[in-house]
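Look at the model first, then read on.

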Amino acid sequence: MAGTGMILFISLLLAGIISPSASQNCGCSPGLCCSEYGYCGTGNDYCGPGCQQGPCQASPPANGVSVADIVTQQFFDGIISQADGGCPGKGFYTRSAFLDALGSYPSFGRAGTADDSKREIAAFFAHVTHETGHLCFIEEKNGTSQDDYCDKRYTQQYPCAPGKKYYGRGPLQLSWNYNYGPAGRSIGFDGLNNPETVANDVNTSFKAALWFWMENVHSVITSGQGFGATIRRINGAYECDGKGVDLMNARIRYYQDYCKQFGVAPGDKLTC
């Protein structure tokens, strides 16, 4: 028997309110939610339990954790204060922008126990610190002179715009056309034609980082796979399986430091 979400989807499809192209695609238009089963729409069947993207309805966190209470101004300043005085990120990244972006991702840092939440937040900022040099860099160093990061395998779905480059930008250095395309659709900007938005608008920048995290990393840290699994999801091809031990260990040190600041054990499975 079809569930209520599927019945509603079929009814809307027949009524012409949504199109077949919206089905089973989490690149929904701005304002639409991607349901548990991969369909775009609004209302509880799409934005309620199981919602994957878009303006999902926030469920009260079972552990009662407030991310803002953990990511204090003191914690945020403790990261960015270690960047050089001339770093572009010092005039760009702010805690308030992070908290504003967080409103679009209510599940971040709120899964499992209070300690689980602290570990996820510590993991996120460990990677942010490593990727940006303590929130120093907004764009990948020398990114404009490197490859355009247009993966030709995905150009049919995410066509690369002439003259545009999809190198790393933002707190988690969003890269490649196959990330800019769906991130833009989910957040509400033209990621393929205007990838520079991630480096020009701080709220979009943090939303892009949180989008990538929730799409690719959140599930491995909340399922108990350990910090090492998050490294594999972010840069495993270059840092895991003995390929970049120094880089991997740098991420681990940041993670352990932030866990210590939050008063939580980092757990095992730290390496990848």
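This is a predicted model: local features need pLDDT of at least 70, side-chain atom pairs count only at pLDDT 80 or more; totals for chains, interfaces and linings use all residues.

Residues are numbered from 1 along each chain as its sequence is written, and side-chain values use heavy atoms, without hydrogens and water.

Rings of Phe, Tyr and Trp (its six-membered ring) pair if their centres lie within 6.5 Å; planes under 30 degrees apart are stacked, over 60 edge-to-face, the rest tilted. The count is 18 aromatic pairs. Phe124 and Phe125 have ring centres 5.1 Å apart and planes at 85°, so they pair edge-to-face. Both belong to a cluster linked by ring pairs, whose members include Phe75, Tyr93, Trp213 and Tyr258.

Two helix residues follow. Helices are DSSP runs (H or I, at least four residues), numbered from the N terminus. Contacts are heavy atoms within 4.5 Å, leaving aside neighbours within four places in sequence.

| Residue | Helix | Relative accessible area | Contacts |
|---|---|---|---|
| Glu131 | helix 6 (residues 114-132) | 19% | Pro171, Leu172, Gln173, Ile234, Arg251 |
| Ser186 | helix 7 (residues 177-187) | 15% | Cys28, Gln53, Gly54, Tyr105, Trp211 |

Glu131 counts as buried, and so does Ser186. UniProt, in an unreviewed entry, places the feature "active site" at Glu131. UniProt positions are in the numbering used here, feature names are shortened, and annotations may be inferred rather than shown by experiment.

Notes
Buried means under 20% relative accessible area, exposed over 50%, partly exposed in between (1.4 Å probe, protein chains only).
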